[in-house]
Amino acid sequence: MEKNKYKLQDLEKLVSLAKRRGIIFPSSEIYGGLASVWDYGPIGVEIKRNVKNLWWKSFVTEREDIFGIDASILMHPNVWKASGHLDSFSDPLVECSVTGKRYREDHIFIVEIETKKEKKIISVEASDEEEARSLLKDKVIKITNLPNSERKENPSPDGGILSEARNFNLMFKTFIGPVEDSSSTVYLRPETAQAMFVNFLNVLNTSRKKIPFGIAQQGKSFRNEITPGNFTFRTREFEQMEMEFFCSPDEDEKWHEYWIDFSMEWFKKFGIREENLMIRKHGKEELPHYSKASSDIEYLFPWSWGELETISNRTDYDLKAHSELSGKDLSYFDQENNKRYTPYVIEPAMGADRSVLAFLCDAYCEEETEKETRTLLKLHPEISPIQIAVLPLSRNEKLSEYSRKIFENINKKFTAQYDDTQSIGRRYRRQDEIGTPLCVTIDFESVEEDDSVTIRHRDTMKQIRVSSDKLLDAINDQINSFS
Ligand code: ATP
């Protein structure tokens with residue numbers, strides 16, 4: 001695939017393209033929207049489906065050792081007790097004494113700065129130190145993350161003083177049945193992973209598979225995030241693509257490496273530029289309670305590096321915890337080696353929405369042509385919402401009849417769209433902006449003289465003339481030239 005040299009610096013450009021072209025809209029927009037909640041439009045839904053399908057194909061159907069499930073969002077509350085989410089799925093929050101606004105403690109940086117007039121201590125909200133520094137034009141003398149600050153009274157970014165940190169559980173609560181009391185409280189799942197643990201025995205018994213094997217699912221998760229933002233990067237309702245790979249305890253490290261490499265290759269295979277991806281190993285202090293080791297795959301978003309996926313070694317923590325609370329034996333008998341153990345679990349946990357955002361950011365491109373700036377999405381053809389646009393030059397009856405036949409033929413093999421509105425220039429611009437790799441243009445010569453059509457390549461804008469009986473082969477070749 002031809003590499004995109006353009007670097008998207010300003011997320012707003014993508015947000016506005018997404019709105020203009022039906023990729024992503026603010027939710028409930030006619031009522032003024034709901035903060036950090038987004039809806040995928042007709043083009044966006046196809047992109048997201050393609051990303052999810054490609055993941056499913058790579059992580060489930062192309063493999064013999066992974067099984068898919070589709071579990072409910074509402075689960076027994078004990079699931080969250082055993083997993084530790086009820087006790088510890090929380091973020092420490094600090095509150096401004098003036099505005100009452102709450103911040104994640106680890107997202108506040110206390111900074112000593114020197115301006116022309118004075119030295120002073122202020123605070124800024126940022127997801128990491130790099131971002132905090134980039135927000136400050138003044139000279140930073142000293143910068144400390146709030147949890148490490150030795151000061152007693154710290155300023156808030158709103159002008160007041162910050163309170164002591166208090167824990168805030170991120171799970172959304174609701175009630176099952178008509179009575180709203182503690183016995184009917186249930187939670188919207190904050191991750192899809194637990195359904196794979198509680199279905200471990202079901203899948204093991206019905207698949208007759210030996211360890212190592214994995215269980216995967218995709219679906220919505222909910223977290224009452226304190227500081228959502230950066231478009232669809234951090235939202236309160238999002239979709240995850242997760243897989244729990246059950247292996248023997250003495251093979252955990254080998255499989256951990258395997259799934260880190262596999263995930264990295266997956267992002268590269270579908271077009272993300274290598275220089276915009278990195279693997280970041282978690283420090284010991286960052287590891288969640290269930291993890292022995294975790295690595296993130298991060299993408300260089302326009303604002304900073306951000307996590308797309310975490311691949312964790314969850315050990316036997318979850319199976320043991322569910323075994324203990326449910327009273328069901330979730331251990332495994334390894335017949336070959338004649339030993340019983342609780343399997344270890346390697347978990348590649350990817351966000352569908354964040355991955356879509358990374359694919360969009362990486363594909364976004366602006367090119368100067370003689371007349372204008374051409375905006376395009378250089379998406380991988382398997383992610384593009386439309387692969388082939390069929391564009392008759394006019395609505396003339398004969399031309400339309402011929403073009404319809406061409407369209408129907410293409411549509412059997414590729415995702416195609418027929419568009420005969422507006423000028424051809426505008427139609428090309430629209431297709432470029434939604435990432436359509438190829439346009440097939442049909443003119444009067446096609447019908448009256450040579451029974452041939454023109455294929456236009458999105459990235460090079462080169463056009464070739466092809467006779468209609470060789471069209472599908474030519475499209476195939478051209479599509480392959482992108483990957
Ligand atoms: P973060 O550190 O960004 O809060 P996390 O480490 O808590 O994320 P995980 O629990 O590892 O996230 O979830 C796996 C994946 O799910 C993440 O890598 C991300 O792609 C996605 N994800 C998690 N939280 C959100 C969210 N609030 N909005 C969108 N995607 C999310």
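**Contacts, burial and helix packing**

Visitor: Leaving aside neighbours within four places in sequence, with which residues is Phe-67 in contact?

Guide: Contact means that heavy atoms lie within 4.5 Å. With neighbours within four places in sequence set aside, the residues in contact with Phe-67 are Val-60, Val-203, Ser-207, Lys-209, Phe-213, Gly-214, Ile-215 and Ala-216.

Visitor: Which pLDDT must side-chain atom pairs have in order to count?

Guide: Residues are numbered from 1 along each chain as its sequence is written, and side-chain values use heavy atoms, with hydrogens and water left out. This is a predicted model: local features need pLDDT of at least 70, totals for chains, interfaces and linings use all residues, and side-chain atom pairs count only at pLDDT 80 or more.

Visitor: Does Phe-67 count as buried or partly exposed?

Guide: Phe-67 is placed in strand β3 (residues 66-68); strands (E, at least two residues) and helices (H or I, at least four) are DSSP runs, numbered from the N terminus. Buried means under 20% relative accessible area, exposed over 50%, and partly exposed in between (1.4 Å probe, protein chains only). Because its relative accessibility is 23%, Phe-67 counts as partly exposed.

Visitor: Why does Gln-478 count as buried, and at what relative accessibility?

Guide: Gln-478 belongs to helix α14 (residues 471-480). Residues up to four places away in sequence not counted, Gln-478 touches Leu-438, Ile-455, His-457 and Ile-464. Gln-478 counts as buried because its relative accessibility is 19%.

Visitor: How are α11 and α14 oriented to each other?

Guide: The axes are lines fitted to C-alpha atoms, for helices over the stretch in contact, with angles running from 0 to 180 degrees between N-to-C directions. Those of helix α11 (residues 397-411) and α14 come within 11 Å and cross at roughly 55°. Angles under 35 degrees count as roughly parallel, over 145 as roughly antiparallel, 65 to 115 as roughly perpendicular and the rest as oblique. The two helices, α11 and α14, are therefore oblique.

Visitor: Which residues of α14 do Ile-406, Asn-409 and Ile-410 of α11 meet?

Guide: On the α11 side, the residues concerned are Ile-406, Asn-409 and Ile-410. Their partners in α14 are Leu-471, Leu-472 and Ile-475.

Visitor: How far apart are the end C-alpha atoms of helix α2?

Guide: The expected span of a helix is 1.5 Å times one less than its number of residues. For the 20 residues of α2 (residues 42-61), the span should therefore be 28 Å. In agreement with this, the end C-alpha atoms are separated by 26 Å.
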